[in-house]
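Please look over the structure shown here before reading on.

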Amino acid sequence: MESTSPFYSLIPEVKYSPPWHDLSIIGIAGSSGSGKTSVAMEIVKSLNLPWVVILVMDSFYKTLTPEEHTRAHANNYDFDCPDSIDFDLLVSTLQDLKQGKKAHIPVYSFANHQRQPHTTTLYSPRVLILEGILALHDPRILNLLDVKIFVEADMDVCLGRRVLRDVRERGRDVEGIIKQWFTFVKPSYTKFVEPQRHISDIIIPRGIENTTAIDMVVKHIQRKLQDKSETHTEALRKLGLLAAKVELPPNVHVMPATPQFVGMNTVLQDPATEHVDFVFYFDRLASILIEKALDMTSYVQTTVETPQGNKYLGLIPKGSVSAVAILRGGSCLETALKRSIPDCVTGRVLIQTDENSSEPTLHYLKLPPQLEEHSMVMLLDPQMASGGAALMAVRVLIDHGVDEDKIVFVTCAAGETGIKRLIAVFPRINVIVGRIEPDGEPRWMEKRYFGC
C-alpha cells in the first residue's frame with residue numbers, strides 16, 4: 001500500500017478567493033430622470049479602474065404577456081411599480097456576482113417592450129453599480145449592497161429629462177410620455193421610490209453637480225478596495241509559506257533533464273543566442289511540453305483499416321482539446337500548439353500585476369464557446385514565478401464550468417513556490433513544467449521571443 005503524499009496530508013483544504021470575490025455593490029435609486037445614470041458614470045470616471053460595471057435595473061423588466069404588451073404600446077402599462085421587475089432573477093444575478101461567479105444579464109428592448117432571447121455575460125467586476133428607480137426596494141438586495149445612494153431632483157426637471165431621453169433613445173412620442181408620467185410614474189414615485197430615501201446611506205441632491213457627495217462615495221469604495229487588495233496579497237503570502245513545507249505531488253510533471261532538453265535550455269539561457277535561434281529552439285522545447293500535456297487527455301479505442309487492408313486497434317481523443325493563453329507570454333506557446341494540434345480552439349486571458357499593490361488583476365477575457373464540454377483545457381504561460389496569475393487563470397476556467405481535473409497548466413519554467421501554491425489550491429489539475437527555476441526570477445522569455 002502506498003503512503004499518502006505529504007502534500008495532501010499537510011494541506012487537506014486550501015481555498016483561494018480572487019480579488020473580484022465579494023465584489024463591492026453600490027445601489028443608486030431615485031426618480032426617473034433624477035440623474036442616477038450621470039451620478040453612476042461620474043463615480044466610474046472618478047474611480048478610474050478597470051472592471052467597474054453599471055448594471056441597469058431596466059434589463060430585468062419581466063417579459064410581458066400579449067395583453068400586457070398591447071397595453072404597454074398604448075402607454076397603459078405601469079413600468080414603475082415593483083411588480084414590473086423580475087426581482088428574483090435580479091437577486092440571483094447579484095448573488096452570483098457577489099460570489100465571483102459568471103452571470104447572464106438579460107437584454108431588454110424598450111421599442112418592443114420585450115426581453116430579447118440573447119443575454120450579455122458578466123464576469124469578475126471589481127465594483128458593480130446597480131442603478132434603477134427601485135434599486136433600494138427589495139430587502140434581499142439591501143443585504144448585498146455596500147453603499148446605498150438616493151439621488152434627488154425637482155420633479156419638473158425629472159419630467160423634462162425623461163421626455164428628452166424617451167424621444168431620443170426609446171422612440172416614444174411626447175403625448176404618450178406625459179400620459180405615462182402622470183398616470184404611473186409620479187404616483188409610483190410617491191408610493192415606492194421616495195420611501196427609499198429614508199433607508200439610503202447618502203442622499204445626493206442636484207445629482208452630478210453635487211461633487212462633494214460623489215467624492216465621499218468614491219473615497220469609500222477606494223478604501224474598501226484597498227482593504228480587499230491587502231487581504232488578497234496577505235493570503236498569497238501565507239499560502240506561499242504553507243506550501244513551502246511540502247513536496248511536489250505526482251501531478252506536477254517536471255520534464256526529465258535529458259541531454260537534448262538540457263541542450264535546448266542552454267541555448268535559450270545564453271544571452272548571446274541570436275533571436276532567430278532563440279525562437280527556433282523555444283518552439284522545439286514548447287512542442288515537447290505540449291506533446292507531454294496531450295498525454296493527460298482521455299482517449300478511446302477505435303479500429304482503422306490500414307492501406308494494406310489490415311485492422312489496427314488504435315486510440316482517438318475522447319473529446320475536444322482547447323487551450324487558453326495567459327497574455328502576453330502564453331502566445332509564445334501557440335506556434336508549438338498549432339504544430340501539434342492544427343485545429344485547436346484557443347482563448348485568451350490578460351492578467352497583469354498591479355505595480356503598486358503587487359496584486360494580479362484580470363484585464364481581458366475571451367474564452368472558446370462550450371469550453372466546459374471539452375475533454376482537456378491547456379493553460380499556457382512560458383514562466384510562472386509567484387503563481388498569482390496562474391491561480392487567477394485557473395479560477396477563471398473553473399468559474400466558467402471547466403472541471404478542475406480537465407485543466408493542464410503548461411509552462412517552460414516555474415518557481416517551486418509558485419507551483420506549490422497552485423497545486424495547494426487546485427490539487428486535481430496537472431502541471432507540465434520544463435524546469436524548476438529559482439523563486440522570484442523575473443519574466444524574460446516572452447521579451448526575447450517577441451524581440452521586445
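Helices (H or I, at least four residues) and strands (E, at least two) are DSSP runs, numbered from the N terminus. This is a predicted model, in which local features need pLDDT of at least 70 and side-chain atom pairs count only at pLDDT 80 or more, while totals for chains, interfaces and linings use all residues. Residues are numbered from 1 along each chain as its sequence is written, and side-chain values use heavy atoms, with hydrogens and water left out.

**Two domains and their interface**

- The domain assignment, whose bounds come from an automatic or database source, divides the protein chain into domain 1 (24-230) and domain 2 (247-450), and the centres of the two, taken over C-alpha atoms, are 43 Å apart.
- Nine residues of domain 1 are in contact with eleven residues of domain 2, where contact means heavy atoms within 4.5 Å.
- Between them the two domains bury about 810 Å², with 52% of this on carbon and sulfur atoms; buried area is the accessible area (1.4 Å probe) that two parts lose on being put together, summed over both.
- Of the area that domain 1 buries against domain 2, 58% is supplied by W51, Y123 and S229, more than by any other three residues.

**Salt bridges in the structure**

- Side chains of opposite charge can pair when their charged atoms come close.
- The structure holds 18 salt bridges, and one of them is formed by K148 with D201, whose closest N and O atoms are 3.5 Å apart.
- This pair links distant parts of the chain, since K148 belongs to strand β6 (residues 147-152) and D201 to the loop between α7 (174-193) and β7 (202-205), 53 residues apart.

- Strand β9 (residues 299-305) and strand β10 (residues 311-317) run antiparallel and are joined by seven bridges, where two strands pair if DSSP finds at least two bridges between them.
- E305 stands opposite K311 in β10, and among the five residues between the strands of this hairpin G309 takes a positive phi near 85 degrees.

**Backbone details in loops**

- Most residues other than glycine have a negative phi, and most peptide bonds are trans.
- Q370, which is not a glycine, has a positive phi of about 55 degrees and lies in the loop between β13 (360-366) and β14 (376-380).
- L327 and R328 are joined by a cis peptide bond with omega about 0 degrees, and R328 is found in the loop between β11 (321-327) and α11 (334-340).

Definitions and conventions: Salt bridge = Lys/Arg side-chain N within 4 Å of Asp/Glu carboxyl O.
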